[in-house]
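Open the model in your viewer and keep the selection panel handy. We will go from stop to stop, and at each one you will hear what to select and what is there.

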Amino acid sequence: MKMLINTPESVVTDALRGMAAAHPDLVVDVENRVIVRRDAPVSGKVGLVSGGGSGHEPLHGGFVGAGMLDAVCPGAVFTSPVPDQMVRAATAVDSGAGVLFVVKNYTGDVLNFRMAAELAEDEGVQVATVVVDDDVAVTDSLHTAGRRGTGGTLFVEKIAGAAAAEGAPLDRVAGLARQVVESSRSFGVALSSCTTPAKGGPMFDLPAGELELGVGIHGEPGRERRPMMTAGEIADYAVDAVLTDLRPRHPVLLLVNGMGGTPLLELYGFGAEVHRVLGERDVPVARTLVGNYVTSLDMAGCSVTLCQADEELLRLWDAPVRTPALRWGC
Amino acid sequence: MTAAAASVDREAARLTDLDSAIGDADHGSNLQRGFAAVVKVLEAEPPGTPGAVLTTAGRQLISTVGGASGPLYGTLLRRTGKQLGDADRVTADELRAALRAGVDAVAQLGGSAPGDATMLDALDPAVEALATSFRAAAEAAVQGAEATVPLQARKGRASYLGERSIGHQDPGATSSALLFSALAETAGEGAAR
């Protein structure tokens, strides 16, 4: 397997050095693996901290900046960061208004952020946590780890980030973040396996003529495998899976997300099919974002995320944002 | 700890392979990184008591491993070490009681119980068998890990597989068995199989 890397061990560090060189608005602590916006802590503002395993770029480092996240801590590839990173991030961005941890629902992320919240509070930082669990492909039960957090994370980070930028207090920012979690659902599809640098080969075998429906962003297997389908058939399947769970009473925000190995030519074509299906199901689309935002290394495939947005959420979505990967209105 | 690190190092590829079947293919490399850091810090500043060795090792795992195994193994060692206190020497009974506290802390943190196809399926019977010998504990852990094969995973990333997790040995239970084998080896009783 050919990869544009130095060594599997240095993949994350090398990427962080590159981010530092490319984005002077960010302070990148390569050694401790923390990325912080240069003007942090912003006086009187709630700090937003997120993080998780690397390999999902631009999530989360690409979303650090005005109107979105204040700091992130990238872990090793597909592995949660450690509490030390999170505490460092929290203390770097806390202006006294408190910090919101945005956590994707994976056992490792939840445990490490929980430990970090306790440690940060020992250091006098008020912490609230929101856990994102938008993936309808897995069962949500008390006896399992519950639903995975995927594309909905982007909606949470953008909308909570906008509220924090406006000066909303911690409980309000956390409340909005939870509202977005409750309003968001996702479904992912893989056309190929991803390749982790540590393994140096595909994580799972997916025969050339088949696709995996309901895949996770770490290549976790999904609901079922089928012979390859057209973009239109995949859109029917994915949107129906989401709408079975979410019956929007408001227009939706739509994210048509690439998993890292699918070109925009295909993603836009797929996005057109998603719009067709939503039209057929009488779900109005307020805003659409198409691109690679929550990726899975080099996996070919896509995911669909819908967030039903009332006027307040829509206004916060439209608010200005200035980050490496998401930028509008300023 | 040195024996544990060596064992994790030796078996890292196997752990990662087990993990790639039902998880995300990083269990071996993550533990390898963590235990290498543990050995480094213990060599740099050797703690004075067995309890301090375990708490230091546990803190180091939490700070370096990440994922779920960092907090879970870190908590196991830290809580066990804290329970041992400042004693210069500990008896087998004291170690067993301390490990019981450590394993209970893991169960609480992970919100899991034996039978969920997690590391607890190896840890729990191992602590029970420690009443007999270190060797018996190591063997109980290996058997416990093997017994996860027919179980459906209910915690962690493997739980997303639902019924398809059946037929796979849990990587966390497997690495737990490695640690108990290292303990038996260090006690001069030989490793389990």
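Helices and strands on this tour are DSSP runs, numbered from the N terminus; a helix has at least four residues (H or I) and a strand at least two (E). Please keep in mind that this is a predicted model.

**Stop 1**

Select A:Asp282, which sits in the loop between α7 (264–280) and β11 (285–291) of chain A. Its phi is positive, about 60°, although the residue is not a glycine.

**Stop 2: other backbone features of chain A**

Now go to A:Arg33, in the loop between β1 (26–29) and β2 of chain A. A:Arg33 is not a glycine either, yet has a positive phi of about 55°.

Next, pick A:Ala40 and A:Pro41 and look at the peptide bond that joins them: it is cis, with omega about -10°. A:Pro41 belongs to the loop between β2 (34–37) and β3 (47–54) of chain A. Another cis peptide bond links A:Glu57 to A:Pro58, with omega about 10°. You will find A:Pro58 in the loop between β3 and β4 of chain A.

**Stop 3: the two domains of chain A**

Colour residues 12–182 of chain A as domain 1 and 184–317 as domain 2. Their C-alpha centres are 23 Å apart. To the contact, domain 1 of chain A brings 33 residues and domain 2 of chain A brings 39.

How much area do domain 1 and domain 2 of chain A bury between them? The figure is about 2900 Å², with 62% of it on carbon and sulfur atoms.

**Stop 4: where the chains meet**

Bring chain B into view. Here 28 residues of chain B and 34 of chain A take part in the contact. About 2400 Å² is buried between the chains, and carbon and sulfur atoms give 56% of that area. The count of salt bridges between chain B and chain A is 0.

**Stop 5: the largest pocket**

The largest pocket holds about 890 Å³ of space. Among its 36 lining residues, select A:Pro8, A:Glu9, A:Ala76, B:Asn30 and B:Arg33, the closest to its centre. Two or more lining residues come from each of α1 (11–22), β4 (71–77) and α2 (83–93) of chain A, and from each of α1, α2 and α3 (50–64) of chain B. Highlight α2(B), which gives the most, 6 residues. By class, the lining has 13 nonpolar, 13 polar and 10 charged residues.

Why does the pocket lie between domain 1 and domain 2 of chain A? Both domains give residues to its lining, so the pocket lies between them.

**Stop 6: the largest cavity**

The structure holds 5 cavities of 30 Å³ or more, and the largest has about 560 Å³ of space. Select A:Thr107, B:Ala68, B:Ser69, B:Gly156 and B:Arg157, which lie nearest its centre among 32 lining residues. Then highlight α3(A), the source of the largest share of this lining, with 3 residues. The lining of the largest cavity divides into 11 nonpolar, 14 polar and 7 charged residues.

Conventions
Residues numbered from 1 in each chain as written. Chains lettered and ligands numbered in written order. Predicted model: local features only at pLDDT ≥ 70, side-chain atom pairs only at ≥ 80, totals over all residues. Heavy atoms only, no water. 1 Å grid on protein atoms, 1.4 Å probe; cavity = no way out; pocket = protein on both sides within 12 Å on 5 of 7 lines; lining within 4 Å. Points joined across faces, edges and corners; volume = space filled by probe spheres on them. Nonpolar A, V, L, I, M, F, W, Y, C, P; charged D, E, K, R; others polar. Domains from an automatic or database assignment. Contact = heavy atoms within 4.5 Å. Buried area = accessible area lost by both parts, 1.4 Å probe. Salt bridge = Lys/Arg side-chain N within 4 Å of Asp/Glu carboxyl O.
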